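Me: I'm new to reading protein structures. Could you walk me through some helices?

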Amino acid sequence: MTERLYGLGMRDATLGYGRGGPVIEDLSLTIPSRRFTALLGPNGCGKSTILHGLAGLHTPQCGEVVLDGKSIRALGTKALARRVGLLAQTASAPDGLTVGELVRQGRYPHRPVFGAWSGADEDAVESALRRTSMTGYRDRPVDSLSGGQRQRAWIAMTLAQQSDILLLDEPTTYLDLAHQIDVLGLMRRLVDQEGATVVAVLHDLVQAARYADHLVLIRGGRIVAQGAPISVLTPENVKAVFGVDVVILSDPDSAAPICLPRCNGAATSNPQA
Amino acid sequence: MTRPGAASAVLLLLLSCGLLVLTVWAMGVGASEISMSRVAQALWNPSGERADIVVLQVRLPRVLAGVTAGAALAVAGAIMQAMTGNPLAEPGLLGVNAGAAFAVVCALSFLDITGMSHLIWAAFTGAAGAAALVYALGAGPNPVRLVLAGVVVTSFLGAVTMAILMLDVQALDTVRFWTAGSLKGRQLEDVASVLPYLLGSLVLALLFAGQFTAMSLGSTVARGLGQNLALWRGLAALVVVGLAGSAVAMAGPLGFVGLVVPHMVRMRTGAEYRRILPYCLIGGAVLTLASDTLPRALWGRDVPAGITLAFLGAPFFIWLARSHGALRS
């Protein structure tokens with residue numbers, strides 16, 4: 001029970017956007033600390049809403065978002081951002097903003113309103129650029145980079161924030177395979193070597209099973225299954241969440257489950273039917 | 001990091017010197033030509049001659065009004081672009097200037113308020129009201145929607161302002177040229193009573209510059225970085241109303257300065273507001289002062305600065321709207 005009190009989670013949270021009713025209702029979720037968690041589910045199932053809720057962007061209509069046993073509402077916006085960093089989906093930098101300037105924005109929660117740029121700020125920016133292999137691109141405008149470099153620049157900004165919990169909204173979407181593996185490998189290293197907690201919305205079940213420690217399957221704003229990849233990725237669960245018939249194979253290297261759609265198993269739009 | 005910063009500071013210094021020379025020159029241009037050295041003498045060591053009186057009482061207020069209103073509107077435009085994420089945002093297009101002008105005309109016509117120290121509050125109220133109305137009508141992901149709301153509010157308020165002036169001949173005489181953005185006939189005491197608000201807003205804008213960079217990354221990213229958006233958007237709106245309201249009270253509803261200057265500045269400085277805003281300040285002053293002075297210098301005719309600016313700004317707006325990626329979606 002003490003474990004439940006630490007780290008980030010939600011208690012009976014209901015979240016939505018003004019009109020149109022709640023996207024998720026009475027959801028409870030505990031993010032395992034110092035682990036890589038992947039949120040999986042079809043488009044519109046509420047993954048991004050959950051991530052934004054965990055980052056404190058939306059105040060729950062009911063329930064609460066909890067960090068180390070306390071509601072995040074007790075924390076100021078900057079104090080929360082020092083603990084929890086968010087990589088937004090399809091963020092676009094203003095024309096002409098350089099990589100260096102973007103990454104420096106990551107220091108926002110560490111700086112007083114009229115404070116000077118400090119040595120600690122400089123170190124955090126340098127380290128973030130180095131870890132994402134973006135040091136050489138410092139003076140390049142973000143809008144002149146390729147998709148993979150651009151994503152790495154945004155990740156560098158989030159790393160410069162030095163929060164121990166990182167929330168990433170579809171960090172691999174629109175990247176080619178090499179860059180996807182690149183980003184996922186970086187997340188893995190942050191967890192293994194620096195003790196970070198990573199939560200990412202992913203679409204590729206094979207990659208999620210290969211890189212994440214903990215999977216959360218979501219459909220219609222509800223958690224269908226959660227746990228280690230090997231126990232969560234079953235044909236029944238995948239059918240229930242995505243409406244796709246799959247066979248589960250085993251990766252000969254890591255024994256991670258590989259989800260393979262069946263040729264004859266035509267997708268059905270309504271898995272409950 | 002230091003070398004581009006130093007080069008940038010040198011360029012800013014050069015531009016400021018250019019502005020100073022332009023200012024002294026502009027004070028010499030008009031019905032009676034006065035040499036730049038004579039203008040300098042009138043400013044530093046006036047002896048009460050006719051040239052001194054012309055420089056100090058006629059030309060100085062006019063030039064001061066142009067310089068400060070231009071600086072304020074360019075900075076206000078840049079801030080509005082950061083707040084809305086909309087490259088077309090500026091106080092003229094989004095109805096803020098029209099709101100201020102409308103409120104000033106109402107105060108003159110219905111409330112018989114004439115002193116500039118009172119009219120400025122009408123200008124602030126009108127600017128804030130119009131900004132809130134345009135935002136309520138046009139907020140959303142589509143940048144064109146906000147501009148359409150601005151156009152609607154601007155034309156409506158402009159029509160009502162015109163109607164009031166048609167019915168009130170006395171008010172019409174007072175403000176006819178002012179509503180077209182003419183800097184002619186400013187009194188030094190009018191300028192002096194608006195100046196503290198305008199300069200105060202400019203100082204706040206420069207102090208908050210770093211906040212606008214974070215804001216320009218969009219609301220999701222800014223909040224993820226821990227920016228208290230409700231607070232900073234409120235403060236930014238306050239600064240914009242202070243800048244646009246006092247600029248309109250001083251020089252009338254000058255359009256396009258807030259659009260043309262920030263975009264030209266960004267081509268040189270990039271997207272960091274700590275660099276954008278100082279350049280906008282100088283650039284807005286230069287553009288507005290040149291728009292007021294050049295027609296007089298070239299053709300000897302007094303064209304309101306607002307009209308010259310519209311001639312320059314309208315083609316720029318079309319180019320911007322056609323070339324900007326965000327508007328094509």
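Here is a short chat about helices in chain B.

Reply: First, the ground rules. This is a predicted model, where local features need pLDDT of at least 70, side-chain atom pairs count only at pLDDT 80 or more, and totals for chains, interfaces and linings use all residues. Residues are numbered from 1 along each chain as its sequence is written, chains are lettered from A and ligands numbered from 1 in the order written, and side-chain values use heavy atoms, with hydrogens and water left out.

Me: What span should helix α3 of chain B have?

Reply: Helices here are DSSP runs (H or I, at least four residues), numbered from the N terminus. The expected span is 1.5 Å times one less than the number of residues. With 35 residues (50–84), α3(B) should span 51 Å, and its end C-alpha atoms are 50 Å apart, which agrees.

Me: Where does α3(B) bend?

Reply: A bend is the angle between axes fitted to the seven residues ending at a residue and the seven starting there. For α3(B) that is about 40° at B:Arg59, and B:Pro61 follows within four residues.

Me: How do I describe two packed helices?

Reply: You give the angle between their axes and the distance between the axes. Helices α4(B) and α11(B) pack at about 50°, with axes 9 Å apart. That makes α4(B) oblique to α11(B) (oblique is what remains after under 35 degrees, roughly parallel; over 145, roughly antiparallel; and 65 to 115, roughly perpendicular).

Me: Is B:Leu108 buried or exposed?

Reply: Buried means under 20% relative accessible area, exposed over 50%, partly exposed in between (1.4 Å probe, protein chains only). At 13%, B:Leu108 counts as buried.

Conventions
Helix = DSSP H or I, 4+ residues; strand = E, 2+ residues; numbered from the N terminus. Axes fitted to C-alpha atoms, helices over the stretch in contact; angles between N-to-C directions.
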